[in-house]
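Q: Can you walk me through this model? I'd like to start with the charged pairs.

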Amino acid sequence: MKIKPFWAIMLTIVLIWVGNYMYAEQHKLDHPVFLNHYLDISLENELYIPFYFITNKDDTSYIQLVELGNIRGTPDRFGENEGVEEVEQFGRYSLKRVNIQFDPEASVKPGETVRFNEMVVHFTGHDTKIYPIGQILFQRQKEELDPFAFKSGSVGEYSEARLAAREALTIESVSTVFDDTLQGKFHIKLQSADHAETEQLETVLESDEWSKTKGTDIRKMKFPLHLKMGDWLTVKSYADPSLHALLDVKIDLNGTTEAGELFVGQVGHLHFYPYMTKESIQRVIDERTEVENHE
């Protein structure tokens, strides 16, 4: 018995549809996936933090509550879908953002720093789940001597802040709270009027702009660095795009004044937002699901 061409075509269409449906179901996320967030947060009265996460394109769930230890946060429900904003679609997935308001004042004591790598999230339509979140720090800002005056700043592929020394001083080290976590992924250069520049330490992800920008990579810099009153110093920073993460980083300039007083000059807040593609979205999903499968 021969199958008529019409029915053969219809059967092919049905088989293709079933195959596509099964493939889509196989690759459907069981729950949202959060990007990494590396945030150095100073406590203030109103504290809103944007969180980025990946969901299925047809997922209409939203966040009710999040918990970082005993610090709770609720979403800013301005706009549609309880404050969840779609940033961009990537095939069957959506990258979304929500602003979470925290009130950690009662939970963090003066002089204390609390650090979190995981966050409990209460979603509608999903089980309450603990999500790896990168690293988030809350700390009360201490009163520190800062002998630098901010002159100017700019952002682009990298950020740049130009400072001037209010008095003669010596910089003995430069650091961030993420030095160990982001080793090789967050780069800093210093450029000053009286310090000889060295060659670029290494090419960073073939970033021509960062490689060519003037200054010395702090990994190759010979400290201490001496500045006279009025001398300028430019602090430049660059985040590896392959992090696919949200960053809020402060750079500490640690040293002593000519009078022998210890100081911590600070450059912040340095914000870096994730640039995502269809490939990087899939990479984040694969990394996260691989971690879960090994837990």
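Predicted model: local features only at pLDDT ≥ 70, side-chain atom pairs only at ≥ 80, totals over all residues.

Q: How many salt bridges does a search of the whole structure find?
A: The search finds 8. One of them joins Asp58 and Lys28, with 3.7 Å between the closest N and O atoms. Asp58 lies in the loop between strand S3 (47-56) and strand S4 (63-68), while Lys28 lies in the loop between helix H1 (5-26) and strand S1 (33-34). The two are 30 residues apart, so the pair links distant parts of the chain. Helices (H or I, at least four residues) and strands (E, at least two) are DSSP runs, numbered from the N terminus.

Q: Is Asp58 buried or exposed?
A: Asp58 is exposed, at 53% relative accessible area. Lys28 is partly exposed, at 34%. The cut-offs: buried is under 20% relative accessible area, exposed is over 50%, partly exposed is in between (1.4 Å probe, protein chains only).

Q: What about Lys250, which residue does it form a salt bridge with?
A: Asp40, with the closest N and O atoms 3.4 Å apart. Lys250 sits in strand S17 (residues 245-257) and Asp40 in strand S2 (residues 36-42), 210 residues apart. Lys250 is buried, at 4% relative accessible area. Asp40 is buried too, at 3%.

Q: And which residue meets Asp217?
A: Arg219, in a salt bridge of 2.9 Å, N to O. Asp217 is buried at 4% relative accessibility, whereas Arg219 is partly exposed at 43%.

Q: Switching to sheets. What is the strand order in the open sheet of 5 strands?
A: S10-S11-S16-S13-S14, with antiparallel pairing. Two strands pair if DSSP finds at least two bridges between them.

Q: Which strands stand at the edges?
A: Strand S10 (148-154) and strand S14 (216-217). Each has a single partner strand, so one side of each is left without a neighbour in the sheet.

Q: How many bridges join S11 and S16?
A: Strand S11 (residues 159-165) and strand S16 (residues 232-239) pair over 6 bridges, in the antiparallel sense. Arg162 has Thr234 in S16 as its bridge partner.

Q: Now packing. Which residues have the most contacts inside the largest nonpolar core?
A: Phe34, Phe51, Ile54, Ile63, Phe102 and Phe138, in a core of 39 residues. A nonpolar core is a set of buried Ala, Val, Leu, Ile, Met, Phe, Trp, Tyr and Cys residues joined through side-chain atoms within 4.5 Å. The largest share of this core, 6 residues, comes from S3.

Q: What does Phe51 touch?
A: Leaving out residues up to four places away in sequence, its contacts (heavy atoms within 4.5 Å) include Phe34, Lys96, Phe102, Met119 and Ile136. Another core, of 31 residues, lies apart from the largest one, with Leu169, Leu227, Ala245 and Phe263 among its members.

Q: And the overall numbers?
A: The protein has 3 helices and 18 strands. Buried residues make up 44% of its 295 residues. Among contacts between residues at least 6 apart in sequence, 70% join residues at least 24 apart.

Notes: Residues numbered from 1 in each chain as written. Heavy atoms only, no water. Salt bridge = Lys/Arg side-chain N within 4 Å of Asp/Glu carboxyl O.
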